[in-house]
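Visitor: Hi! Could you walk me through this one?
Guide: Happy to, here it is.

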Amino acid sequence: MGRGLAALALFFCLLLTEAWASGDQRSGYEVWAPLAERLVADGFEPGGLKRLFSDPVMVYDPQVMARKMNPILEAKLAPPEAPAAEPEVDARYLNPILLAGAYGYLRENKDLLRGLREKYGVPEEILVALLLVETKLGLNTGTAKAAWALANMALARGLPDIEPYLSRSDLDPEIRAWLDERTRQKSDWAYEELEALLRYAEALGRDPLDIPGSVYGAIGQCQFMPTNALAYGEDGDGDGRVDLFDKADALASMARFLKEHGWKDGLDEKGRSRVIYRYNHSASYTRTVLAVADSLTRIGRTFGAGG
């Protein structure tokens, strides 16, 4: 009898430990109902949303949004700094092995890349450099489910949802009000991206939950946010579909994005930087992409056009 009670107590302790470890994680359609109702009002079919939000993988975890907001909060609270030095190039991408692989990719796909240069005016080296930095030449397109990530951020509507998971607790009323509003803005952004992802998945004929992405919902070899997938996605192989996990479509979409954001022949360094910055708003990222592209150009000159 004593052993039975001890075993039962241990069982309940394990349950409590598991519940504590999961934090505020919840699943089931009822959890997602406010988000589903919003999507229905915007024209989405209720049955498809019921299937999506009832899937066991759709677990609500407010820590997803907290991880998005913590760096924003820290930047807000950081003391003013002196003007930063010139941003550094990420030296990982100038590794000779990675550059050799990138140059091999360029040569292997020279006809495709040449065609894109002729159509969009974007040099082969720029497209390969972007693809290397974004997804290691298409090999790493993310392990998160994009729909899950975006839905989690869209459902977290304000400070009360994420407060237990913030990196700071010493927030005065003004900062709390600011953070509440910024969280709401990010939630609205994520909702728009979720809408776009669902429309993209429908056009592609794929289950939204079968589309992998980054932890914040970027998809494909080119790592477009879904709104960009709809706006700039290009059918590079002529099969009537825009599949950003397909090499030809991803590269064509990248080239179109750059052209529509100002890429043209004769750009100086400042102009090139300005366009690449639109792809990812990071000065270090911009310098890294251009440094990789310049390295690929030098390798091509060394080995010759037939290299």
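Guide: One term before we start: contact means heavy atoms within 4.5 Å. This is a predicted model, in which local features need pLDDT of at least 70, side-chain atom pairs count only at pLDDT 80 or more, and totals for chains, interfaces and linings use all residues. Residues are numbered from 1 along each chain as its sequence is written, and side-chain values use heavy atoms, with hydrogens and water left out.

Visitor: Great. What is Ala66 in contact with, leaving aside its neighbours within four places in sequence?
Guide: Ile162 and Tyr165. The C-alpha atoms of Ala66 and Ile162 are separated by 5.3 Å, although the two are 96 residues apart along the chain.

Visitor: And is Ala66 buried or exposed?
Guide: Ala66 counts as buried because its relative accessibility is 2%. Buried means under 20% relative accessible area, exposed over 50%, and partly exposed in between, with a 1.4 Å probe and protein chains only.

Visitor: Which helix is Ala66 in?
Guide: Helix 4. Helices (H or I, at least four residues) and strands (E, at least two) are DSSP runs, numbered from the N terminus. The protein comes to 14 helices and four strands.

Visitor: How do helix 4 and helix 8 cross?
Guide: The axes of helix 4 (residues 63–77) and helix 8 (residues 146–155) come within 8 Å and cross at roughly 75°. Axes are lines fitted to C-alpha atoms, for helices over the stretch in contact, and angles run from 0 to 180 degrees between N-to-C directions. Helix 4 and helix 8 are therefore roughly perpendicular; under 35 degrees counts as roughly parallel, over 145 as roughly antiparallel, 65 to 115 as roughly perpendicular and the rest as oblique.

Visitor: Which residues meet there?
Guide: Val64, Met65 and Lys68 of helix 4 meet Trp148, Ala149, Asn152 and Met153 of helix 8. By class, that contact has five nonpolar, one polar and one charged residues. Ala, Val, Leu, Ile, Met, Phe, Trp, Tyr, Cys and Pro count as nonpolar, Asp, Glu, Lys and Arg as charged, and the others, Gly among them, as polar.

Visitor: What about helix 2 and helix 8?
Guide: Helix 2 (residues 29–41) packs on helix 8 at an angle of about 80°, with the axes 10 Å apart. Val31, Trp32 and Leu35 of helix 2 make the contact with Ala151, Asn152, Ala154 and Leu155 of helix 8. Those residues divide into six nonpolar, one polar and no charged.

Visitor: Switching topic: how much space lies in the largest pocket?
Guide: About 670 Å³. A pocket is an open set of points on a 1 Å grid over the protein atoms alone, where a 1.4 Å probe fits, with protein on both sides within 12 Å along at least five of seven lines; lining residues have an atom within 4 Å of a point. Points are joined across faces, edges and corners, and the volume is the space filled by probe spheres set on them.

Visitor: What touches Tyr285?
Guide: Not counting residues up to four places away in sequence, Tyr285 touches Leu130, Val133, Glu134, Ile276, Tyr279 and Asn280. Tyr285 sits in helix 14 (residues 283–303) and counts as buried at 10% relative accessibility.
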